[in-house]
Amino acid sequence: MSRSGPRAVRAAVAVGSAAVLLAACGGGGQQDAASGGDWKPTKPIEYVAPAGTGGGWDTLARTTARVLDESNLVDRPLRVVNKPGAGGAIGWSYVAKHQKDPHKLFVTSPPILLVPLAGASGQTYEDFTPIARLNSEPLAYVVKANSPYKTFGDLAKKLKASPKDVSVAGGSGPGSLDHVGLAGAVQAAGADASKVKYVPFDGGGEALTSLLGGHADAAVAGASEVQPLVRSGDLRVLAVSSKERSPILPETPSLTETGVDYAFDIWRGVMAPKDLSESQIAYYEKAYAEMVKQDSWKKASEKLGWTDAFMGSKEFGTFLDEQNKEYSEVLTSVGLKK
Amino acid sequence: MDAFSHLMGGFGVALSPQNLLFVFLGVLIGTVIGMLPGLGPISAISLMIPVAFTMDPVSAIIMLSGVYYGAIFGGSTSSILLNAPGVAGTVATSFDGYPLARKGQAGKALSIAAIASFIGGTVGVIGLMLVAPSLSSLTVSFGPAEYFALMVLGLTAVVSLSGGNVTKGLISGTVGVMIALVGIDSQTSVLRFTFGHEELYEGVEFLIVALGVFALAEVFAMLTRRGQGAQTGAISSLRLNKREVKEISGPTGRGSVLGFFVGVLPGAGATVASFLSYSLEKRLAKDGKTFGKGNIKGVAAPESANNSAAVGSFVPLMTLGVPGSGTTAVLLGALLVLGVQPGPLLMTEQPDMFWGVVASMYIGNVVLLILNLPLIPLFAKVLKTPQALLLPLVVVFCVVGVYGQSFSTFDLWLLIGFGVLGFLMRANDFPAAPLILGVILGGLMEKSMRQALLISSGDLSTFVTKPISAVLLALAAVSLLAPVFGQLRRRRRGRALPQDDGAGQDDPDEQGAKVDANVTRP
Amino acid sequence: MHHFRFTQRKLAVALGILAVAYTVQAYRIPEFTAVETPVQPGSLPRVLGLVLFVLSVALFFQKPKAKEESGPVPKPKPEPVSVSELVSKPEPPGGGPVGQQSAPPIGRFSDTRLELAALLAAIGLYAALFVPLGFVLSTALFVSGLAWHLGYRRHAVNALVGAGTALGLYFVMSEGLEVALPMGLLPF
């Protein structure tokens, strides 16, 4: 797939959007025709969460579907469908089979880049149309409260000097979220990321349990996951991975503040099949842009520890290109890129 | 006592008319969803989450936990009636539940399941109430090495589940572990035995194997029996006599306690608990050889264990804020949206929440029992359906169960494949239970072994220098050797032992644990 | 069921071949060198392959139990132990009901193998048509068709049960519980 492929086609399709406009003049919802076309969904929208029920993607899909429906921002209901498997690849390969189908959406986050980079997916992010980025959350590097490591620098120093003596637990497989966030930071701090003993667990919960029991020496997990245990004094956060401090852990310095030039965010967003028309993209982009302004969305985000980080379709596309390059470098340096 | 006054406060919360209604609704919906094919507690809770979001947090969590244990409770129904375990935790229940149903005692099997579940659930709640805070240290004391030892202990049950031919049992178990290793390796992301199929990347879903080798294989067997041997008589009678009550009290009690402690460990959960408890009782029982042929203890033990484990899994959730199972992960997500942050501070910051939930669980368990006992005769009547009609319906049950989890046609083909495999295994006297055990424990065993060795940098002594792991491995060794010693002892005593020949003699169904005909042979 | 019983030796050979094939596959799992890993992804599979091979050899030389002696037993004596009863069931449906049962035997073909093949084909067809036809149509056809084939005579009830199960499950799962079953040809 050539890099410019999807976008070039998208521009071409935009020319034909007048036809779509005519075809979709059904009942007049409260939707106005401001941004570039009048396409409206004509049947329920299949909203794919490429994971089982209960995970981050599922929560995102169900929360956004609820807010969009409740606030009447979409003309047809969103039906959440779970397509778990292969770190998301099953879900998005299903969506990929429905090119040009404007009634399919899926929720996404860094694995859409990481899984293909590791060679475990038939599609890449370029096989889909970015709709919007919604929010982001940093990773947190944590140790037990009684650990000798007080700063991220302490940990990095130890990892540099004797990597065999430190094990770091994470909630995803090697080459995925937690590992890349760790490897990138360790690399930036001057240690050899490929020597780090990264122990993969099934999810952040198990990783943190093993840290609490003293089985691992440090752990990396989502900021919202570690927050209760930090507040109770069981764990200490060395740093968060975002450029700025996280509102969930306001006391914790960011990596940049501790002198490590690296940033990593778990961003979450929405994508659609390839080759949607401009007006179809605009319809969904606008719906999500409105959604993040809703009170019920803000309330849910706050409780789930999500920080709004909205980006429209174009901006999200550019962002994905940049992220892909960055991840690719980290994975190459750890030797995991296929 | 502090806990007592808290608990009274909790009952105050749980007994408000509104919350009482939500407990009732929760367990009712949970039971119904739990009975549907393939829909376990995870789906049940996810489905109720949108409703819960509109409620106040305490009522919401009371309802959601009701849905949770209600679904576990309901899951045993299809295991017993159709040999089709809807959720992993009830697979062991089908080993004796289904033979009982085929002997015309479906009503009895269901009511034992209900009573054992009730007791398991209640014991679990007592445990949660009394020792939850101190148990969080047990939860975290289990690292990879300890899990590995626990899984090895679990796998030794292959021997006791093998029945007549230990070699065949071991072969089944080995193949089970092989099935468990299919997919993306969680430790290295390397693909294993996927043969280019994306659908296999995430491994073979446990439910597909269980529905295939149990339910679908039974459908094939039903056809070869030409529909003969269907149950007759008072299938809907719930009656237990005094002797039976006495018989199941031990297994139920032990199952409840064992289940709770296993449930407290993240990742182990109801399924492991039910298998451990089943094989423990099979070993302890004097009539252990009738296990798998319709022994009521074989229903009571796993059912009490899986319900108790379900409650036990609330310990890490409530005290650490980390989910111990897929189900509690969903529950955690819901709690967060509701603005409740479980964790070490929950009991001090929101005692209403903790004690309200505990109290509602007592009530919920009572409601479950009252709700379900009268319905049992109705469920049991399913078996009166003419076999020509029942047979396609069981197939639909399996197909919906599998498809509803993965939405993939590929998995339907896998299901059929496992059905054929299960049938061939039966025809050739290969027990299916060790296969399932291998599938459940194999992946966990390998994963924790590799995590432990990664942490120890490849040093194998980590398994014996850690006390818990050493004890568990010693237990595993004992449980492997015990049957050998037992056999020797029995030989020495001659055949003075009473022969247990009542229960399973005329039962053709050999799935699950089969009698070793050699045990008493001189 | 006795058509599907094989001698212990045949089974052992089959398992041995499986074990060898599995082990070969296990050795083709790539070594993982990028990050520290004391245990390779292929390590346990190799051990399992070996274990299965040893077990199949053990099975080959194991003295079969009395009832398993000569593999396919045409008419084994009824025995108390488990599977034998399955085997001793009267195979031809014409043999008539045995024991307390009064219901007519299910199925149409006198050869059980044929009957099983038909069932397998029916289930296969159901799986194949599940998505293209949709849940409701494929399920209704499967239930009613198979029940009719197996000899269920109350045709009205049969059609009703087939359609009812299909529609009922569809609405409970898809509408009520949001477990989206395939819609297929029908508009809902």
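Tutor: The C-alpha centres of domain 1 of chain C and domain 2 of chain C lie 38 Å apart. This is a predicted model, in which local features need pLDDT of at least 70, side-chain atom pairs count only at pLDDT 80 or more, and totals for chains, interfaces and linings use all residues. Residues are numbered from 1 along each chain as its sequence is written, while chains are lettered from A and ligands numbered from 1 in the order in which they are written.

Domain 1 of chain C covers 2–68, and domain 2 covers 112–176; such bounds come from an automatic or database assignment.

Now the partner. Chain C puts 70 residues in contact with 61 of chain B (C-beta atoms, placed from the backbone, within 7 Å). Six helices of chain C each give two or more residues to this side: α1 (8–27), α2 (43–61), α3 (83–88), α4 (112–133), α5 (135–149) and α6 (155–176). Helices are DSSP runs of H or I, at least four residues, and strands are runs of E, at least two, numbered from the N terminus. α4(C) gives the most, with 10 residues. By class, the chain C side has 49 nonpolar, 13 polar and 8 charged residues. Here Ala, Val, Leu, Ile, Met, Phe, Trp, Tyr, Cys and Pro are nonpolar, Asp, Glu, Lys and Arg charged, and the others, Gly among them, polar.

α9 of chain B spans residues 166–180. α9(B) packs on α2(C) at about 160°, with the axes 10 Å apart. Axes are fitted to C-alpha atoms over the stretch in contact, and angles run from 0 to 180 degrees between N-to-C directions. α9(B) and α2(C) are therefore roughly antiparallel (over 145 degrees). α9(B) passes α2(C) in a left-handed crossing, with the near helix turned anticlockwise from the far one by less than a right angle.

Then the residues. α9(B) contributes Thr167(B), Leu170(B), Ile171(B), Thr174(B), Val177(B) and Met178(B). α2(C) answers with Leu48(C), Val51(C), Leu52(C), Leu55(C), Ala58(C) and Leu59(C). This contact of α9(B) with α2(C) counts 10 nonpolar and 2 polar residues, with no charged ones.

For context, turn to chain A. Chain A holds 12 helices and 10 strands. Its domain 1 is 5–136 + 266–334, and its domain 2 is 138–240. Between them, 13 residues of domain 1 of chain A contact 14 of domain 2. α12(A) gives the most to the domain 1 side, with 5 residues. That side has 10 nonpolar, 3 polar and no charged residues.

Conventions. Contact = placed C-beta atoms within 7 Å. Parallel < 35°, antiparallel > 145°, perpendicular 65-115°, else oblique.
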